[in-house]
Amino acid sequence: MGTGRKLTGAEATLESYKGWAQAFPDSVGTYRATHVADDGTVVLEVTWTGTHRGPLHTPDGPIAPTGKRIELPACLVVEVAGEKAKAQRHYFDMVTLLRQLGVTK
């Protein structure tokens with residue numbers, strides 16, 4: 001959601017995750033809270049940390065590695081059907097990310 005991108009399917013999601021891992025190879029997601037709704041929807045509050053060591057692909061093109069650390073709060077909403085996730089939305093503040101990388105004020 002932070003980038004406005006919409007991914008469909010597990011393969012596209014995995015490719016997106018690989019791009020994040022390339023940009024932040026030491027990235028860690030620390031889960032602060034988990035909430036489960038009666039309909040099975042799961043809300044995960046997470047803080048992403050890492051060092052920008054590879055290109056970060058954005059809708060406006062890649063951002064070259066800055067070597068800067070990030071600490072980015074985020075929220076994932078996962079709709080579950082049976083034993084599988086059927087949809088996921090990932091909310092984070094793109095401006096906070098860009099500020100921490102030093103590419104915007």
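Predicted model: local features only at pLDDT ≥ 70, side-chain atom pairs only at ≥ 80, totals over all residues.
Trainee: Which residues form an aromatic cluster with Phe-24?

Mentor: Phe-24 belongs to one cluster with Trp-20 and Trp-48. The count of aromatic pairs comes to two, with ring centres within 6.5 Å (six-membered ring for Trp; planes under 30 degrees apart are stacked, over 60 edge-to-face, the rest tilted). One of them joins Trp-20 to Phe-24, a tilted pair at 4.5 Å centre to centre with 40° between the planes.

Trainee: And which residues touch the most other members of the largest nonpolar core?

Mentor: In soluble globular proteins, nonpolar side chains tend to be buried together. Here the largest core holds 18 residues, and those touching the most other members are Phe-24, Leu-56, Phe-92, Leu-97 and Leu-101; a core joins buried Ala, Val, Leu, Ile, Met, Phe, Trp, Tyr and Cys through side-chain atoms within 4.5 Å. Strands E2 and E5 and helix H2 (94-101) each supply at least two of its residues, and E5 gives the most, with five. Leaving aside neighbours within four places in sequence, Leu-101 is in contact (heavy atoms within 4.5 Å) with Phe-24, His-52, Leu-56, Thr-66, Lys-68 and Ile-70.

Trainee: In what order do the strands form the open sheet?

Mentor: Strands of a sheet pair through backbone hydrogen bonds, either parallel or antiparallel. In this model the order is E1-E2-E5-E6, with antiparallel pairing (at least two DSSP bridges per pair; strands are E runs of at least two residues, helices H or I runs of at least four, numbered from the N terminus). Strand E1 (28-36) and E6 stand at the edges with a single partner strand each, so one side of each is left without a neighbour in the sheet.

Trainee: How many bridges join E2 to E5, and how many join E5 to E6?

Mentor: Ten bridges join E2 (residues 42-51) to E5 (residues 69-81); within this pairing, Glu-45 has Cys-75 as its bridge partner, and Gly-50 stands opposite Ile-70. Eight bridges join E5 to E6 (residues 84-92), where Leu-76 is partnered by His-90. E5 and E6 also form a hairpin with two residues between them, and Gly-82 in that turn has a positive phi of about 70°.

Note on methods:
Residues numbered from 1 in each chain as written. Heavy atoms only, no water. Buried < 20%, exposed > 50% of the residue type's maximum accessible area, 1.4 Å probe, protein only.
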